[in-house]
There are 2 protein chains.
Amino acid sequence: MTLTTVKEALAIILNNTEDYGVEEIDFLNSVGRILKENIFADRDFPPFNRVSMDGIAVASEAFNNGQRTFKIEGVQAAGSAQLTLQNKQNCIEAMTGAMLPNGCDVIIQYELLTIENGFAKVNLEEVKDFQNVHLKGLDRKVGVILIPRNTLISPAEIGVFATVGKSKVKVAKQPKVMIVSTGNELVEVTETPAEHQIRRSNAYTLVSLLERLHIKAETSHILDDKQVLKSKINTFLNEYDVLIFSGAVSKGKFDFIPEVLNELGVKKLFHQVKQRPGKPFWFGTKTTAKDKNNKIVFAFPGNPVSTFISCLKYFRPWYLKSVELHFENQQQAILSEDFFFKPNLTYFLQVKLHQKEGKLYATPAAGKGSGDLANLIDADAFLELPDDKTDFKKGTVFPILLYR
Amino acid sequence: MTLTTVKEALAIILNNTEDYGVEEIDFLNSVGRILKENIFADRDFPPFNRVSMDGIAVASEAFNNGQRTFKIEGVQAAGSAQLTLQNKQNCIEAMTGAMLPNGCDVIIQYELLTIENGFAKVNLEEVKDFQNVHLKGLDRKVGVILIPRNTLISPAEIGVFATVGKSKVKVAKQPKVMIVSTGNELVEVTETPAEHQIRRSNAYTLVSLLERLHIKAETSHILDDKQVLKSKINTFLNEYDVLIFSGAVSKGKFDFIPEVLNELGVKKLFHQVKQRPGKPFWFGTKTTAKDKNNKIVFAFPGNPVSTFISCLKYFRPWYLKSVELHFENQQQAILSEDFFFKPNLTYFLQVKLHQKEGKLYATPAAGKGSGDLANLIDADAFLELPDDKTDFKKGTVFPILLYR
């Protein structure tokens, strides 16, 4: 059996992305989601000639004629309608965020003033045009796109939504995901396992990894019984967009998943990838009605580290491409010591990262293999070592998959 | 008035951290929180000699005596009690995740077998001790610390919590935070501003930034009226641990915050920092009863970019130190082009980041000043340029504050 390479596997997966449409949500809940509309400037930015220092507003003409003492006519507060300077020889006190009063074109800040008996005396040689004034439309003009469609929403975008009055925003709808663990050896977190049992953990790790993508997945556990598996998976295929399995995809007598999926009409696109950990990974899709999304099935091996890396390496980019997030540059890190790995497989090496002077270094924290869940604690990322080499030299750069 | 330097300001803030205690929460809700207990291995990892490949379990003694065909006695499934090999010349089929049957010490995988009529024929020259067996306690021994106190919880930790049966975990309690915006020019997001008004945005940006730290902050807006400010702030000082203000800390006629805070017994620790943007930043604390937490007040300037950078530069490290998260290495980036900034201030330059071959580069995206909210969209981070230089050369490394 020829194995699918990591590159081929990822290409097949990215060739099977799905568009789950758009929903409108409250802008304050949108951080981490993908924007599905262009956000336009509803007004000029700033919307008026805005005072940017506290001080007095004057007409530069008077100042340039040599005048240095100005009678204070009034106060232009932020949030008040625009005043008009009645006498060109006077001034108006003006506050940061206020409109520049009509008839004034310069703000002189308090630091350069002495105010006494209703007069402001200026200690300044010359003024610049519109000094301390943030001119209307200088930042952005009304109607321009402030945030383009397909932006990942961060706190910076939240501020812009608020400013332009977008209390509701259109975002990519999330796929409905069911995470299924299998295996008779698994008991619940709250139970005490017998000697031959262990607690169920992969499903929860996957839930947390998907939560990072703001996907609220559901979970289910099914025992190693072919008929039960078939009936439950059939229901899940009807009710969910994506199924993620953990376990039962290898060569064991009770590894029914590939067989059951086949019987339920899920077409295998590959099984077994030239990688460690995670070699028994199975991926397939089920075609549905023409106007509906195909069902996507990621069946990851049951070892904890295999499930973990497979989710990062395959599910995440599948999701990001599905919601049309422009695919981020693949991050890379510099190997900090020589490493040797013989098998002719892509190796996902667990590494501890540290950044120094703008450079990202990766130190191997290899652990005891794909079952060594606790070793994930001691690392931050996986370094992806290609299958065509065995000696990996200190100082060489490789792609990384971060999980912290 | 001498300005506080950025370094001094941060040192004062970090000297005023508070311990808000511990709470116990459901393990699945704990991602992003700070663990406040050591997590121990409740059993050996793995808890038994675990089969790591599907195949047959044999006694190496028989194999080493030249035997290559083994009668199959039974099947050791994952999740079943341990079987015992009845006859040393026989074998037991054994599945990944199962206990190694008693009397066996080697697993030979299916790929190397031919099974016919109840007999497994082995195509293999030699076996290694315990091959394809993940030995009991190899990864971790019962009783060792798997996750130390004060770890930031990620999906990797979730898997370990589940495995050791920690359905509830102790985490740092979050401070109760009230975010207060001020300014008569501000209207709500859902309202249409008059010409001299703008919509309220900083409070929401701050909410989103704090949400990243898993703090659910509340918000309030107060008009520029000294008595109203005083009465509301007094209430907030009683009900919240931390107040964050945006606006009314500069020299304007309605910048009542420093005065009101002083009257309410909040001690100013500094006002005005040698930085751009964000110079008018005010910070203080109010001492309370001996066994209670002091109240912490961050009063940021009202310009959107000032508020944003101040939260990243000051509130975030204050929080991280308060919950005892070992302070991450300050990330740095390499300036990708020459930059010039004259004033004798620390300058937080907005930059666009890109990573290439393990190196992080920062390209200036300076924008139109502290009011240019939309420019935050075009950048990813702030590069912190020190106050003792004016020429910043391409290729030099500076600290960064990331917000995406």
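1. Let's start with the layout of chain A, where an automatic or database domain assignment sets the bounds. Four domains come out: domain 1 (6–20 + 174–322), domain 2 (26–43 + 145–172), domain 3 (50–134) and domain 4 (332–402). Taken over C-alpha atoms, the centres of domain 2 of chain A and domain 3 of chain A are 37 Å apart.

2. A word on ground rules: this is a predicted model, in which local features need pLDDT of at least 70, side-chain atom pairs count only at pLDDT 80 or more, and totals for chains, interfaces and linings use all residues. Residues are numbered from 1 along each chain as its sequence is written, while chains are lettered from A and ligands numbered from 1 in the order in which they are written.

3. On to the interface, counting two residues as in contact if their C-beta atoms, placed from the backbone, lie within 7 Å. Chain A contributes 85 residues and chain B 86 residues. Among the elements of chain A giving two or more residues are α4 (202–211), β24 (346–356) and β25 (359–364), but α3(A) gives the largest share, eight residues. Helices (H or I, at least four residues) and strands (E, at least two) are DSSP runs, numbered from the N terminus.
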